[in-house]
Amino acid sequence: MATTFEEMNCAFPANLAEALELMSDEQTRGRPLAGGTDLMVQWESGVLPMPERAISVKHLPELRTIEESDDAVIIGSAVTHMQLRRSDAVVRYLPSLADAAATIGGYQIQTMGTVGGSVANASPAGDLAPSIMISDGDVIVASVRGERAIPVNEFWTGYRKTDMAEDEIIVRFRLPKMPEGACEVWRKLGPRKAQAISKVMGSCRLLISDGHIEQFRVAIGSVAPVCVRLRAVEELVTGKPLNEEAIAAAEACAAESVKPIDDIRSKADYRKWVTGRMVRGFLEQSLG
Amino acid sequence: MESVQTGTYKVIGQGLTRPDADEKVRGQAVYADDFHVPDAWYGAIVRSPVSHGRLKGLRRNPDFDWSQVVVVTPEDIPGNNIVDMMGRDMPFIAYDEIQYVGEPLALVAAPTRHLAREAAANIEPDIEELPALCTLQEMVAQYKKDPEQLHELSAQTIRKGNVDEALAEADMVIEREYSAGHQEQLYIEPQGMVAIPEGDGTLFIHGSMQCPYYINPELCETLDMPPEKLRVKQSAVGGAFGGKEEFPTLIAGYCALLALKAKRPVKIIYDRNQDILYSTKRHPSWSRYKVGLKKDGTIHAIQCEFLLDGGAYTTLSPVVMYRGILHSAMGYRCENVAIDGHVYRTNTFPNGAFRGFGAPQALWAWESMIDELAAACGMTPQAFRLQNCLRLGDATPTGGLLRDSVGSPEVLEKTLERCGFNEKWDRCSRGKPGERKWYGIGVSFFAHGAGFTGDGEARIKAKVALDLEYDEQRAPIVNVRISSTEMGQGTCIIMPQIVADAMSIDLKHAAYPMPDTFKVPDSGPTVASRTAMVVGSTVYSAGQKLKAELETFVSETLCDGQPVVLRDNAFHAEYDGKQIPFDEGAAAYLASNGPLRVYDQFKLPPHIKWNQKTFEGDAYPAYSWGCNVVELEVDTLTYEIDVTKITAYYDIGRLLNPIMAMGQIQGGLIQALGYAAMEKIEVKNGKYDADRMQTYVIPTAMDGPEMDLHFVEYPWDHAQPGAKGVGEIPMDGLAPAMANALEAASGVRLRDLPITPEQLFAELQATQPRSA
Ligand SMILES: Cc1cc2nc3c(=O)[nH]c(=O)nc-3n(C[C@H](O)[C@H](O)[C@H](O)COP(=O)(O)OP(=O)(O)OC[C@H]3O[C@@H](n4cnc5c(N)ncnc54)[C@H](O)[C@@H]3O)c2cc1C
């Protein structure tokens, strides 16, 4: 197993432009390496073959900041989970994302692992996905050909597949702030209380006015090849009064909307049921 | 019975810091992978890809350069191709029938780890596959259909009274089945060993192990080497939990066979993935009970079948099963007992020693059953236990008499009282609809046999030595020479504490060096919660002998023949009041006579009688006692189960070092929580599925609940200082207490370990179907 950057044949471009330049040519292109918390494990276990070259992206200053615009938080792809959970803007405007980041691995993983790595890794158990999805934001990818914004809900195209081209890397995320008066909730079910890979997890964004559900967005991970937005549930309850009837309907609809599998972490029937229960929990929580 | 508990203790009983703490915390301890052995090659193993088959041959890839590596096949084994454990049915390297995925087919050594693995990958076995039986579930299904079709590795019965008649007389008969899965030890340091052929014809084996005197003599037959040529030394061990009891003989054997052929040192260090796939685990188990009760709650008859999934070979499974059946009806009065224990072969890596050694499996079932029995006769679990629990003077299921040192019923009473069980029991949710959280409380009560099972101690006759010699600074030191190892549990501090009090000297004059079979006598294996009790008491009496010898010397040579007593670290002459500090007297001895070694040997008290054939009598010289109360909450939204508090009392005899003892209990309870509620590893196509720490989930510190833990001391009466066992008992009671609490919370009972939200969901769906 490669344990040094030399062994990984890892390039350290001086800036983003240089990185994109390296990525543009087959002869110099390498596997983007951010925190390595997924890659190192995958290489060691043989899930992924060691690539010929790696290109470090974590050190690029252009990718390491969190900024705020009027209506969105703009998060660099090399921002770590630790930065995320400690960012005032994220805690305030994307609270479920901050909460999710706080449950990833332990401190070591949180200080090494990045948002870009998590999203590009495209695991259905990636804990940041639901919160990113419910923001309805964009993933901004770049290459020498220029930048392009991919709506997050179209970014993951299948199990560990993304809409990125070979020469592209993720540069940042543009995630719309939650509207005033709204709330977000994150919930993770894992086999233990820390250092847990999720059995099922999800986030919701909810805006209630006059006892009615004005906006409800919910995304659940680990129940399908990619993290899923439960559009049917969202449509079912939007505009309805927030009461037991709506909640029960949402619970049933959510369980019906997912097709999870049995795997080493959990069972399909439990995952299906608990997806409904989580949606119930999300709505009940705001019922107070 | 006469008590020998006359000693007053000064150093014993103190929570002293272990001498190895500093180097371990600083990362300076030298583990097997840390020694630099010049010219060492690395070993790798060619393993079977099938669970069961017949080996037709091995093909070496002709394109690979074989000149740079050494390959060992059965023809290269100097002695017999047999691992000399119980059963003697396991070859070192399979040559005909293959019994599990991963079974060694050839060994390879090369100058680098990478090359060794590459060479191993270039040897391709030709195998005719045969039908395999790989899981406990298949094994139990076959047992119910026709046990004759199973390959039995071991069987034993216990009989007391007349169970058939008693079942007929009973007012009710309750039948239940329970099962439990594998558990991986998951010590921090994976298995590792190096074998070094020395110039003088000896072979030096150095590495991570619990029992140096297993490897020697177990390897002698294979290597065709007399025991005195085989030197085995323990390196710092990063945890073992039984996983380094019998397994290291295998990895030591691979290294030794390669080293002898390559004529140079050979090292094998498993990575985590190999370690999980190809080393021992706790035996999966299945228990079936048929218990007859009287209306008043008396247990009138206990019939039990206790099955262990042995894996492919016998190894030490019989003893695990013995401990299992000995604990399967333990703790409660009953005149009619019939227990049948069996170990059957499955085509997986041989299962082996793991903290508790059959008792956790047995008690998981039995202590769950006790709650079900209580419910059947309309009693609370606490009242039922208090009514039936064994007390001083009662007989165990094998007819052994509890003559002394019995912490029952005190641990039970105190735990129940401390946590407010009665009042909390009435508050349990019992699956009440409409609640956010369900609350439950559950209890377990248990004894754990201290010392080796059955005739073990009588056979082992633990031998210990104390060496009075110079240390590196040329100061006199008393070195404890035992084969009992330090693997994290605190042997390295309790032994010097025992010597200090036995001799009445300061702790700094006693030390525990790492065992080396060229220096230590065989005090037996470091297993079975026996080190403090059996070896510790023998070290104490050796200390008294050494003290007497030194007193005689000082009297004769320094005090003109006056009576001399070594007390408070000084020799005191009786008539003129002369005082000579211990180190001066000891130095005088060393200067005139050279080093002094005294031996002693463990002797069972004469009243301990045991029949190894019929399993009648005193199965253990003494028992530790414990009681666990678990409180938990179930989130009714998700059925997540949160153990919020554990209250427990233990009687482990004399507390030698309360900090170490508490460490054993706390760590053991967390490990038991993993066994109860998290750790799951299944055999899929003959291979373990959870083969990495990513998938094999053990508890973290965050999962540890509030713990309210206490000791009561009922010292073992027949030797000083009177410790019983603490190592294993923490594993025993948590799983059943949790299942009992979960029933009190949810209204349903789970009878299969580990307990998970998925299982609770399935059970609740089955009992009270509702729309999803
Ligand atoms: C012990 C441990 C615990 C963990 N716990 C959790 C957990 O609780 N929850 C969870 O969700 N995850 C967990 N993970 C997984 C992992 O930490 C996260 O997914 C992490 O965010 C990955 O980020 P990284 O920077 O380390 O990615 P890397 O490993 O560097 O890269 C991951 C993938 O992303 C690609 N990549 C990286 N950056 C970019 C970029 N800018 N553009 C394009 N592609 C890129 C890489 O090529 C690679 O394919 C854990 C991992 C470990 C080892």
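**Backbone, ligand and cores**

Biologist: Where does B:Ser405 sit?

Modeller: B:Ser405 is in the loop between α11 and α12 of chain B. Helices here are DSSP runs of H or I, at least four residues, and strands are runs of E, at least two, numbered from the N terminus. The model is predicted, so local features need pLDDT of at least 70, side-chain atom pairs count only at pLDDT 80 or more, and totals for chains, interfaces and linings use all residues. Residues are numbered from 1 along each chain as its sequence is written, chains are lettered from A and ligands numbered from 1 in the order written, and side-chain values use heavy atoms, without hydrogens or water.

Biologist: Fine. What's the phi of B:Ser405?

Modeller: Near 55 degrees, a positive value in a residue other than glycine.

Biologist: Buried or exposed?

Modeller: B:Ser405 is buried, at 8% relative accessible area. Buried is under 20%, exposed is over 50%, and partly exposed is in between, with a 1.4 Å probe and protein chains only.

Biologist: And B:Asn569, what's its phi?

Modeller: Phi of B:Asn569 is positive too, about 70 degrees, and B:Asn569 is not a glycine. B:Asn569 falls in the loop between β20 (564-567) and β21 (570-573) of chain B. With 13% relative accessibility, B:Asn569 counts as buried.

Biologist: What about the bond from B:Asn216 to B:Pro217?

Modeller: Cis again, but omega is near 25 degrees. B:Pro217 is in a helix, α5 (residues 212-218) of chain B.

Biologist: Switching to the ligand. Which residues come nearest?

Modeller: A:Arg31, A:Pro32, A:Thr37, A:His81 and A:Thr114, out of 32 residues around the ligand. Near means a heavy atom within 4 Å.

Biologist: Which elements supply that shell?

Modeller: In chain A, β2 (31-33), α3 (39-45), α8 (115-121) and β10 (169-176) each supply at least two residues. The largest share, 4 residues, comes from α8(A).

Biologist: How much of the ligand does the protein bury?

Modeller: 88% of the 980 Å² that the ligand exposes when taken alone. Areas come from the Shrake-Rupley method with a 1.4 Å probe, and for residues only the protein chains shown count as cover.

Biologist: Now the cores. How many residues are in the largest nonpolar one?

Modeller: 140. A:Phe216, B:Trp366 and B:Trp625 have the most contacts inside that core. Helix α10 (residues 359-376) of chain B gives the largest share, 10 residues. A core is a set of buried Ala, Val, Leu, Ile, Met, Phe, Trp, Tyr and Cys residues joined through side-chain atoms within 4.5 Å.

Biologist: What lies apart from it?

Modeller: Another core, of 52 residues, including B:Leu107, B:Leu250, B:Tyr254 and B:Tyr270.

Biologist: Last topic, sequence separation. How far apart are B:Ala690 and B:Leu277?

Modeller: 413 residues in sequence, yet 8.8 Å in space, C-alpha to C-alpha. B:Ala690 is in the loop between β29 (687-688) and β30 of chain B and is buried, at 0%.

Biologist: And B:Ser444 and B:Ala739?

Modeller: Those two are 295 residues apart in sequence and 9.8 Å apart, C-alpha to C-alpha. B:Ser444 is in strand β16 (residues 437-450) of chain B. Its relative accessibility is 0%, so B:Ser444 counts as buried.
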